[in-house]
Amino acid sequence: MPPPGLTNGNSALHPSEETAASPNIYESSSLASIRASLSALHTRDAAITSRLQALISSQADLSRELGRLDLLRAHLGTQVIHTRDISNGMLDSAAGTASHLSSKVKELDLEKKRVEETLGVVEQVAELKACVQGVVGSMGAPQDWEAAAGYIARASKIPNYIIEGNFAARIVPSVEVPDAPGITIENAKESLCGLFLREFEKAAEEGDGSKITRFFKLFPLIGREDTGLEVYGRYVCQGVAARARGSLREGTKGSAGKDGFFYANALTRLFEHIAQIVDGHGGLVERHYGQGKMVKVIERLQVEADVQGGIVLDMWGDERSVDRRLTDVKSYPFSFLVHSFLPAQKNMGISRTNSPAVGGGTNGRVSEDEGVDMKEIDGLLNETAMMLGRWSMYSRFLAGKCRDPDESPEELLVMPDLLTKSALSRKISARLTSPFNAMSTFFFRRSVEKAFQLDESPAGLTLNPSRPLDGTAPFIISAVDDVMYIVNTVLQRSLATSLREVIASVVPNISRVLGSDFIGMIQRKMRDESYPKAVIQGGFPPEDKIIAFIVLINSLELATEYLSRIVTTRLSPAELPNGSKGPNPLDEMFPFGHDSTFVKNTLENLNSSFASKTSELVADGLQVMFERVVKPRLRPVLSETFRDVDYSLTEEDLADIARNNDTDDDQEMINDLVARRFEHSWEALMKPIQRIMTPKSFAALLDSTAKYLSKVLEKRIWGFSGKINALGAQRMERDFSGIISAVARGGRYGIRDAFARVTQVSMLVNMEEDEWEAINEAEEEGDEEMAWVLNEEERRRARMLVRG
């Protein structure tokens with residue numbers, strides 16, 4: 001090892017330490033410092049020389065130790081070689097023994113496997129022979145068909161290669177049964193299949209249900225599942241056809257086919273019969289034929305349903321003259337609606353004798369000028385809706401039965417192909433769905449037309465506040481109630497079909513008719529018949545025009561509310577007895593795919609579209625009411641309110657005026673003169689309108705009026721610049737506060753927000769100087785609490801009103 005003080009031949013001292021230990025000769029400035037540096041250098045030289053000598057002396061020891069290590073490595077290599085030779089000699093024999101044992105074990109396993117396979121073949125051949133003999137014996141004198149079918153079922157579990165193998169061909173045949181086992185079993189299957197068919201058909205003819213079930217269960221045992229399902233399907237279809245024909249024959253004997261819902265009930269009985277068969281026999285089929293096998297029977301039943309359902313629909317179409325009625329409906333001209341929108345159209349003054357709702361009148365007469373009996377159309381639509389609803393229920397039932405049993409119940413229900421591709425589905429679409437859509441649209445539009453033909457406005461309305469109003473609010477035209485009743489009826493009938501195709505056609509058509517005809521007729525009345533226009537220049541509109549215009553605005557608002565209520569009722573889940581919400585009714589009525597979401601969106605679009613159009617027209621109507629009725633009358637109200645008002649008068653001037661008017665003892669009356677004048681005129685202007693108009697519309701009209709009044713009052717305040725003293729400013733603030741209170745009276749406190757600028761200007765005019773300075777300081781420090789609606793310039797201007 002290296003001598004102390006050295007590491008790998010390097011100095012153990014850090015260069016910085018050496019530099020600090022000895023003075024630098026180059027920095028010496030005197031003889032003494034030079035000598036000291038020279039002495040330090042001699043000392044360092046002696047130390048380094050000593051360390052080098054020690055290192056040289058230790059080199060011999062290091063060489064000796066390295067030699068010893070080389071000698072030990074040579075001895076160790078020799079020992080490793082000897083050990084490896086010994087190990088190989090000992091383990092070779094053990095490895096050979098292990099390999100020999102392993103091969104013997106594999107041979108034994110193979111022999112055991114072959115023996116087991118041989119025993120299995122022997123057992124299966126013995127089973128096959130027993131089955132063959134059992135089949136032949138059961139088909140002989142005993143004629144035990146269940147036992148014979150059972151033997152064949154047991155034989156079917158034996159692999160085919162064993163049945164057809166040479167071993168079985170030598171062992172199984174006997175004197176009684178000389179044929180090969182495969183041939184014997186196949187012949188037995190054919191023979192039994194024919195026998196079962198004959199017995200099944202015989203039992204079907206005799207109506208023996210127990211024998212039908214007995215032989216139906218034997219077909220899968222002999223491997224003839226398809227034959228059994230085919231003959232069973234044919235049997236149940238015969239029953240379906242017989243009952244359907246019987247129903248039609250009974251109905252055609254009397255007048256039942258011409259009245260009521262005979263054909264709808266016939267179609268219902270057809271679907272119910274099929275559903276009973278599927279539900280009642282499904283367990284038997286699934287148990288004996290396997291999971292999902294009932295679908296084949298359902299397919300066969302659907303073919304029969306196509307035939308019998310098609311017959312019902314054809315007879316219904318001929319009996320009800322659907323094609324002729326559809327032609328009449330499509331060619332109907334809607335003369336009243338068309339002429340109503342012509343510029344030169346005059347009011348024909350048709351009196352209201354009965355409601356356009358079918359069944360609302362007592363005579364049930366054919367609507368004039370169209371040749372289409374609305375009562376018959378309504379009955380036809382009800383019958384069609386009933387048939388479509390039954391078809392939807394039937395489709396939902398079969399879709400559930402055809403659903404994969406492994407499928408999660410949370411998965412969406414899908415219409416099976418056996419329904420979508422069926423002839424009955426196509427016929428229902430052509431003979432029921434399309435006519436229903438067309439006639440529903442006609443029925444609704446014709447009802448709207450009839451409602452306006454028989455429309456009546458509420459009587460006994462007046463703008464004279466001293467006279468009572470006849471009737472109760474809301475005051476609307478009669479067409480609103482009639483049309484919304486029809487909307488509810490048509491929607492209810494369309495939703496009852498549970499068909500997406502119906503909703504996709506009828507609901508947008510309702511929206512179109514409401515937007516173009518219903519809203520259009522009211523808009524035309526507002527524009528041409530009831531527009532509040534002054535008869536003479538500078539005058540006011542006639543009272544009857546104003547009342548009629550308000551009634552039309554009310555009608556639009558109430559129609560929007562009624563439709564929203566109708567749609568919300570359809571979309572909201574029913575409330576359960578425990579207070580919780582039940583399932584959404586649309587999810588139950590429209591279970592396929594995303595149909596319920598589509599229907600929900602369609603109904604919401606109907607509501608939002610109608611509300612958008614009516615709200616726009618209501619806003620325009622309220623603007624007309626403000627511009628034509630309120631605003632012209634508001635100008636003289638303000639003129640009367642501020643008549644002879646002078647805010648530059650002093651207290652002495654006010655006292656003189658009071659003495660001259662003999663009101664010395666009632667100073668409060670003088671102070672409230674402006675507010676009382678305004679309140680009296682304001683009530684005379686707005687109260688009559690408020691009595692007739694709906695609260696929501698009146699609130700909107702009041703908002704518009706308040707905004708306009710706020711601007712007028714603010715302009716009047718700025719006009720007082722230089723014409724007002726401190727006392728006048730206080731009077732002005734009190735007067736304007738009284739005006740605002742009169743406008744906001746009646747719980748409409750939010751109206752005060754429209755007068756925020758007027759209020760702040762009045763406040764600033766009367767604000768004390770120290771308070772004003774405190775507000776400014778708070779603004780500068782960022783602690784302002786006042787929400788200003790005036791900018792800084794306007795605030796300074798307001799402070800200068802009195803001074804100016």
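**Exercise 1. Is F610 buried or exposed, and which ring does F610 pair with?**

Step 1. With a relative accessible area of 2%, F610 is buried (buried is under 20% relative accessible area, exposed over 50%, partly exposed in between, with a 1.4 Å probe and protein chains only). Before going on, note that this is a predicted model, where local features need pLDDT of at least 70, side-chain atom pairs count only at pLDDT 80 or more, and totals for chains, interfaces and linings use all residues. Residues are numbered from 1 along each chain as its sequence is written, and side-chain values use heavy atoms, with hydrogens and water left out.

Step 2. Now for the partner: the whole structure holds 20 aromatic pairs, and F610 forms one with F518. Rings of Phe, Tyr and Trp (its six-membered ring) pair if their centres lie within 6.5 Å; planes under 30 degrees apart are stacked, over 60 edge-to-face, and the rest tilted. Here the centres are 6.1 Å apart with 35° between the planes, so the pair is tilted.

Step 3. Helices here are DSSP runs (H or I, at least four residues), and numbering goes from the N terminus. F518 counts as buried too, at 0% relative accessibility.

**Exercise 2. How are the rings of F626 and Y708 arranged?**

Step 1. Their centres are 5.4 Å apart and their planes stand at 70°, so the pair is edge-to-face.

Step 2. F626 is in helix α21 and Y708 in helix α25, 82 residues apart, which makes this a link between distant parts of the chain. Both F626 and Y708 are buried.

**Exercise 3. At what angle do α16 and α18 cross?**

Step 1. The axes of α16 (residues 423-453) and α18 (residues 500-529) come within 10 Å and cross at roughly 15°. Axes are lines fitted to C-alpha atoms, for helices over the stretch in contact, and angles run from 0 to 180 degrees between N-to-C directions.

Step 2. That makes α16 and α18 roughly parallel (under 35 degrees is roughly parallel, over 145 roughly antiparallel, 65 to 115 roughly perpendicular, and the rest oblique).

Step 3. The contact residues of these two helices split into 12 nonpolar, six polar and five charged. Ala, Val, Leu, Ile, Met, Phe, Trp, Tyr, Cys and Pro count as nonpolar, Asp, Glu, Lys and Arg as charged, and the others, Gly among them, as polar.

**Exercise 4. Which residues of α11 meet α14?**

Step 1. Start with the axes: α11 (residues 294-320) and α14 (residues 374-401) come within 13 Å and cross at roughly 175°. The two are therefore roughly antiparallel.

Step 2. From α11 come I298, Q302, A305, L313, W316 and R320. Among the residues they meet in α14 are L380, E383 and Y394, where contact means heavy atoms within 4.5 Å.

Step 3. By type, this contact has eight nonpolar, two polar and three charged residues.

**Exercise 5. Where do F334, S498 and P474 sit?**

Step 1. F334 lies in the loop between α12 (322-330) and α13 (335-340). Its phi is positive, about 55°, although F334 is not a glycine. F334 is buried at 8%.

Step 2. S498 lies in the loop between α17 and α18, with a positive phi near 55°. S498 is buried at 16%.

Step 3. P474 is found in the loop between α16 and α17 (478-496), and the peptide bond from A473 to P474 is cis, with omega near 0°.
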